[in-house]
Structure formats: C-alpha cells, structure tokens
Amino acid sequence: MSLESTNTPPAAPEADDYLQRRALRRGSAGWVLLTGLGVAYVVSGDYSGWNFGLAEGGFGGLAIAMVLMGTMYACMVFALAELSSILPTAGGGYGFARRALGPWGGFLTGTAILIEYVLAPAAIVIFIGDYVESLGLFGLESGWPVYLVCFVIFLGIHLWGVGEALRFSFVVTGIAVVALIVFALAALPEFSFGSLDDIPVDTSAAGSNSWLPFGLLGIWAAFPFGMWFFLGVEGVPLAAEETRDPARTLPKAIRWSMAVLVVLAVVTFFAAAGARGSAAVQEAGNPLVEALQPDGKATTLSRIVNYAGLAGLVASFFSLIYAGSRQLFALSRAGYLPRFLSLTSSRKAPYLGLLVPGTIGFVLAAASGNGARMLNIAVFGATISYALMSLSHIVLRRREPDLDRPYRTPGGVLTSSVALVLACAALVATFLVDVTAAVIALVVYVVAIAYFGLYSRKHLVAKAPEEEFAALAAAEAELARD
C-alpha cells in the first residue's frame with residue numbers, strides 16, 4: 001500500500017462508551033508547564049550520554065555534530081509547532097503523518113516514536129544507576145534493584161494523575177537546570193582551551209587532527225550523541241489533549257523549550273570538556289561529576305552536582321515515560337496496536353500504556369546494563385520519526401495549502417526539508433556507531449510493520465480523533481473532485 005493512501009478506516013467498535021473509556025484529563029497544563037515538560041524530556045542529556053560522542057568524533061567532531069543536530073531539531077520543532085496547531089491530539093507525530101501520509105505513514109511514524117520513548121528511559125535509568133553508585137548512597141551499586149525502584153516509584157506517580165505528574169516534573173526539572181548553571185560557574189575557573197582537544201589523534205583517519213582525532217567520518221558518527229542534547233523535545237505535542245488552548249499553547253511551549261535547550265547544551269558541553277579534558281569525560285557515566293573531580297576525589301561541589309544530576313536524569317526519565325504512554329495510548333485507541341492498551345483508569349491515566357512499556361524498559365535495562373546501546377536504539381527510532389514528521393509537513397503544505405494553520409512555520413517547506421535531510425543522515429549514523437543496536441532496532445521495527453500489515457490495518461477505529469481528521473480530509477478531497 002502506498003504511503004499516500006488516505007482510505008477511510010473501517011468502522012469503529014459498536015460500543016458507545018469506547019472513547020469514554022479512553023479519555024484523558026483535559027486542560028491540565030498551560031504553556032509554562034509544557035515548556036518545563038519539553039526541557040524535562042531532554043535535560044538528562046546534559047548530565048550523561050552526550051559525552052560518548054567524544055569517543056566517536058573528539059571535541060571538534062561532536063561540536064559540529066551538535067550544531068548540525070541542533071539545526072535539525074530547530075527546523076523540526078518549527079514544523080511541529082505548525083502541525084500541532086492543526087491537529088492537537090495525543091497522537092502527536094503519528095496523527096500528523098496519518099493525515100499527510102495515510103495509515104501506513106501514521107503507523108510507521110508512531111511506531112518509530114514508540115521505540116524512542118521505550119528505549120530512552122531504559123538508557124536513562126542505567127545512567128541514574130551510575131549517579132547513584134558514584135554517590136555511594138546506602139552502598140548501592142548500579143544494577144537492576146535501582147532500575148526497579150525507579151520504574152515502580154515514577155510509574156506510580158504517573159498513575160496518580162497527569163496534573164500531579166507534570167507539576168512534579170516541572171519542580172525536578174527546575175532543580176536540574178539551576179544545577180547546570182551552578183556546574184558551569186564552578187567549572188569556569190578550571191576551564192582551559194587546551195583541554196578540549198586532548199584526545200589522541202588517529203593518524204590513519206582521513207582528515208584527522210587534534211580537533212577531529214577520528215577524522216571527518218567521526219563527525220558523522222557523533223550525530224546520535226549530538227542529538228542527545230535535544231532528544232525528546234518533539235514529545236511536547238503528545239500532551240495536546242491534556243492542554244488548555246492547545247492550538248496556541250503548544251507552538252509557544254515547543255519554541256521556548258528549544259531555546260532553553262540550546263543554551264544549556266552549549267554551556268554544558270564547553271564547561272565539562274574544558275574543565276577536566278575531553279579524554280577524561282568521554283566514557284564516564286557521570287561526566288559532569290568527573291569534570292569537577294580532577295584528582296578523582298569527591299568534593300562538596302561535585303556531590304551537589306551529582307545529586308542535581310540525579311534530579312535531571314529523574315526529570316527526563318519521568319517525562320519520557322509520560323511521552324511513551326501517550327504515544328502508545330493514541331496508537332492503541334485508533335486500533336494500530338491492541339485496543340486494550342488504551343484503557344484509562346478512574347483518574348484518566350492510561351494505566352496499561354504506562355505499565356507495559358515500563359516493564360519492557362526495565363527488562364531491557366536490567367538485561368543489558370549498556371546505556372550507550374539503549375541510547376543508540378532510541379536514536380534509531382527517533383530519526384525515522386523525524387524524517388516522516390518533516391515529510392508530513394512538506395506534504396500537507398503542498399497538498400492542503402488552504403488548511404487552517406493557527407501557527408505557520410518560518411521558512412515553510414525549506415525549514416522542514418532541512419530537518420528531513422539531516423534526520424536521514426542521523427539515521428545512517430546509528431549504523432556507524434553500533435551496528436548491533438541499529439540491527440536490533442530494525443528487527444523490532446520490521447516485526448511491528450508485519451503486525452500492522454497482516455492484522456491491525458484492517459481493524460482501525462474510525463472514531464479515534466486522528467482517524468476522523470484523516471477521514472474528513474479524504475471526504476473533502478472527494479467532494480473537490482466531484
């Protein structure tokens with residue numbers, strides 16, 4: 001079936017209460033809370049994960065990768081701001097692609113986003129374990145007991161209710177952001193430009209030098225880690241059905257989130273690498289703490305940053321669980337995944353949408369213990385979704401120029417085209433970094449596609465908001481032809 005298919009899905013289940021049993025709590029968040037949510041998705045990336053890119057591209061390679069990936073995210077969030085003002089539903093990227101690219105496009109996009117939001121918490125909980133171990137709390141070491149406690153506590157808060165969850169996330173994120181500023185100020189006296197390019201040069205790599213120790217190819221290989229400074233910000237539209245005045249609120253929150261993240265990325269990157277040296281932090285699970293411990297011994301300040309780093313990791317872990325549950329909820333409600341997964345509790349929380357991906361994330365983290373690999377699988381899913389969401393913006397601009405757009409992307413299709421090209425380049429980069437991780441992600445993706453092709457595409461739910469929106473477009477097109 002072509003991606004451009006816009007066939008109306010089969011009839012919805014006969015039960016009148018189908019959507020009532022799958023309703024979220026409306027009007028729980030304004031633009032300030034959503035901006036906090038956008039930063040929360042990502043702030044852990046400043047505390048851990050990005051530094052592995054130094055081992056792939058050196059300081060110069062990762063710096064260029066960060067600029068290119070930052071450009072990709074900036075272009076993409078402007079496109080998403082427009083799309084979310086058109087279709088403010090919990091489906092987010094899946095809903096946008098469903099309208100532009102048909103059922104297949106919607107499923108491919110939604111599944112890719114789901115891979116990202118299941119694997120990213122698995123990566124982050126491993127980094128949480130590293131921070132807990134470095135603090136020496138109760139003699140705990142990084143491992144499955146720590147991972148289990150994290151999932152149980154924070155899934156419980158989500159099950160309590162979205163308003164409570166978003167406010168908790170906002171407070172913890174605020175602590176993490178303030179601590180990043182404190183870290184940068186503390187690292188400033190130790191900063192040295194000579195420390196930035198101290199990784200040994202691989203003279204056999206094409207174009208290698210002290211700033212690009214692994215050559216020009218190292219820039220490309222660092223793409224997935226340059227993304228870690230921004231990965232997840234695209235999840236803001238997933239809160240659409242729980243937002244006040246989403247057509248106005250979502251674009252504003254997305255833009256402000258990205259602005260804050262750019263500042264934090266630049267400050268963190270230079271301060272951490274310049275204080276201790278790129279070589280010292282390139283493989284650390286807690287690079288900011290390592291940057292403040294030149295002799296390897298903990299100081300009062302490094303402990304403060306360690307605790308704050310834990311807060312930042314918790315904020316992203318907590319928020320990404322939220323995003324994954326809403327994407328699963330929307331796909332299930334529309335019939336792309338088993339429908340029982342979208343049932344909500346008396347507190348309007350999609351309890352199975354929280355528990356099922358949470359269980360999968362815990363098992364993956366406990367089985368692997370490899371945060372970098374989990375990160376790379378998450379990036380694989382993310383880059384596919386970015387390419388398809390950017391393509392959706394282009395298609396809707398071309399095919400439906402008169403569609404009501406409360407917000408319009410600056411630069412139009414040129415902006416989303418830049419995001420599309422860079423997303424495709426980042427997807428290829430996942431194979432340069434860890435072929436095994438990329439192949440695992442690809443296999444999971446293929447299995448999901450087989451499920452959709454053989455079963456669920458024949459059992460879609462016409463009453464779901466994203467499907468109704470697409471069906472309306474098909475009907476309007478048919479009337480236009482007549």
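Axes are lines fitted to C-alpha atoms, for helices over the stretch in contact, with angles from 0 to 180 degrees between N-to-C directions. In this predicted model, the axes of helix 3 (residues 54-86) and helix 16 (residues 413-433) cross at roughly 140° and come within 8 Å. Angles over 145 degrees count as roughly antiparallel, and helix 3 is therefore oblique to helix 16. The crossing of helix 3 and helix 16 is left-handed. Helix 3 contributes E56, L68, M69, T71, M72, C75, M76, F78 and A79 to the contact, and helix 16 contributes T415, S416, V418, A419, L422, A423, A426 and V433. By class, this contact of helix 3 with helix 16 comprises 13 nonpolar, three polar and one charged residues.

On the helix 4 side, V118, L119, A122, V125 and I126 meet P357, I360, G361, L364, A365 and S368 of helix 14. The contact of helix 4 with helix 14 has nine nonpolar, two polar and no charged residues.

The largest pocket has a volume of about 630 Å³. Its lining consists of 24 residues, of which L114, I115, V118, I360 and V444 are the closest to the pocket centre. Two or more lining residues come from each of helix 4 (93-135), helix 14 (351-368), helix 15 (371-399) and helix 17 (435-454). By class, the lining of the largest pocket has 21 nonpolar, two polar and one charged residues. V118 and I360, among the residues closest to the centre of this pocket, also take part in the contact between helix 4 and helix 14.

Definitions and conventions: Residues numbered from 1 in each chain as written. Predicted model: local features only at pLDDT ≥ 70, side-chain atom pairs only at ≥ 80, totals over all residues. Heavy atoms only, no water. Helix = DSSP H or I, 4+ residues; strand = E, 2+ residues; numbered from the N terminus. Parallel < 35°, antiparallel > 145°, perpendicular 65-115°, else oblique. Left-handed = near helix turned anticlockwise from the far one by under 90°. Contact = heavy atoms within 4.5 Å. Nonpolar A, V, L, I, M, F, W, Y, C, P; charged D, E, K, R; others polar. 1 Å grid on protein atoms, 1.4 Å probe; cavity = no way out; pocket = protein on both sides within 12 Å on 5 of 7 lines; lining within 4 Å. Points joined across faces, edges and corners; volume = space filled by probe spheres on them.
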